[in-house]
Amino acid sequence: MSGDHSDATIARRVRRLETLLEEKGLLTGGELDEAIDSFLAGASPANGARVVARAWTDAAFRSRLLADGTAAVRELGSMEGSYQRLRVVENTATTHNVIVCTLCSCYPLRLLGPSPSWYKSEAYRSRVVREPRAVLAEFGLELPPGTRITVWDSSAETRYMVLPRRPDGTEGMSEEELAGLVTRNALIGTAVL
Amino acid sequence: MARINDVGGVEGFGPVDTADDSEPFHADWEARVFGLMNALRAQGIFNLNEFRDAIESMPPGEYLAASYYERWFAAIRTLLERKGVIEPGELDD
């Protein structure tokens, strides 16, 4: 991150641009607040958690989700942008999935909420495709040596979400309780449940 | 030729700062830049592909020195200048 000085400089320039655009009639007061608020309101890992809990409790939905993620999440009203394809990748006893965008920061925002800063960092983007096991260990996730790890590199057209394994001992839980177990990092693949 | 943003597999970026995690924006100006990008896109001043291209064609040194939303702001400036919406240097002190 930049230091305080450069932070103040860019903050001033951003304000100047806002003023300029308002003078030119390209921006109205309140328009930015609206864009920011609607982004934050519509994007949450609770949406992804709901999808996961449904997949854990409804085998037919799970099949549809893995076959066509875009259409399946639409059933639950969690729409990704219509210009993208969502592919859901499933963890099993022997395979683990993790997502990245090596080129920038593509990410299923509505399902996972705003992306964490580390997801957008050069360190994560460069290394998770080369040494995923070492990177996952930095998140405290030590996978058995026999587990096969697949890294999914997002693009402008395709976003990925991990379907984590359902934890043992959750047989009696409701769909809502199950959704409460799902964390954002489990949907990225930098954690398991 | 690969552009500077194509970092997959490149060595030397060090450990992942896993603690830099929770807040979507570190500062208010980052949220304003986010809002600006979406507002200008919605008005058709530029589209998402142009925006990505503007980030990805930043000079490598500037790209690496910039934080995430600094890149966004640089790309917005580039596109607004290219399209004649603002004058080059108009935002400088």
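Mentor: Let's start with a term we will need: two residues are in contact if their C-beta atoms, placed from the backbone, lie within 7 Å. Keep in mind that this is a predicted model.

Trainee: Thanks! Which residues does A:C106 touch, leaving out those up to four places away in sequence?

Mentor: A:C106 touches A:C101, A:S154, A:S155, A:A156 and A:R159. You will find A:C106 in the loop between β2 and α6 of chain A.

Trainee: Is A:C106 buried or exposed?

Mentor: A residue is buried if 20 or more other C-beta atoms lie within 10 Å of its own. A:C106 has 22 such neighbours, so it counts as buried.

Trainee: And where is A:C101, and what does it touch?

Mentor: A:C101 lies in the loop between β2 (95–100) and α6 (109–112) of chain A. Setting aside residues up to four places away in sequence, its contacts are A:C106, A:Y107, A:R125, A:D153 and A:S154. A:C101 is buried because it has 22 C-beta neighbours inside 10 Å.

Trainee: Which residues does the UniProt annotation "binding site" cover?

Mentor: According to the unreviewed UniProt entry, that annotation covers A:C101, A:C104, A:S105 and A:C106.

Trainee: Now helices. What describes two packed helices?

Mentor: The angle between their axes and the distance between the axes. Here, α3 (residues 45–57) and α4 (residues 59–67) of chain A pack at about 125 degrees, with axes 5 Å apart. That angle makes α3(A) oblique to α4(A).

Trainee: Which residues make the contact?

Mentor: From α3(A) come A:V51, A:R54 and A:A55, and from α4(A) come A:F61, A:R62 and A:L65. These divide into 4 nonpolar, no polar and 2 charged residues.

Terms used: Residues are numbered from 1 along each chain as its sequence is written. Chains are lettered from A and ligands numbered from 1 in the order in which they are written. This is a predicted model: local features need pLDDT of at least 70, side-chain atom pairs count only at pLDDT 80 or more; totals for chains, interfaces and linings use all residues. Axes are lines fitted to C-alpha atoms, for helices over the stretch in contact, and angles run from 0 to 180 degrees between N-to-C directions. Helices (H or I, at least four residues) and strands (E, at least two) are DSSP runs, numbered from the N terminus. Angles under 35 degrees count as roughly parallel, over 145 as roughly antiparallel, 65 to 115 as roughly perpendicular and the rest as oblique. Ala, Val, Leu, Ile, Met, Phe, Trp, Tyr, Cys and Pro count as nonpolar, Asp, Glu, Lys and Arg as charged, and the others, Gly among them, as polar. UniProt positions are given in the numbering used here, feature names are shortened, and annotations may be inferred rather than shown by experiment. A residue is buried if 20 or more other C-beta atoms lie within 10 Å of its own, exposed if 12 or fewer, and partly exposed in between; C-beta atoms are placed from the backbone.
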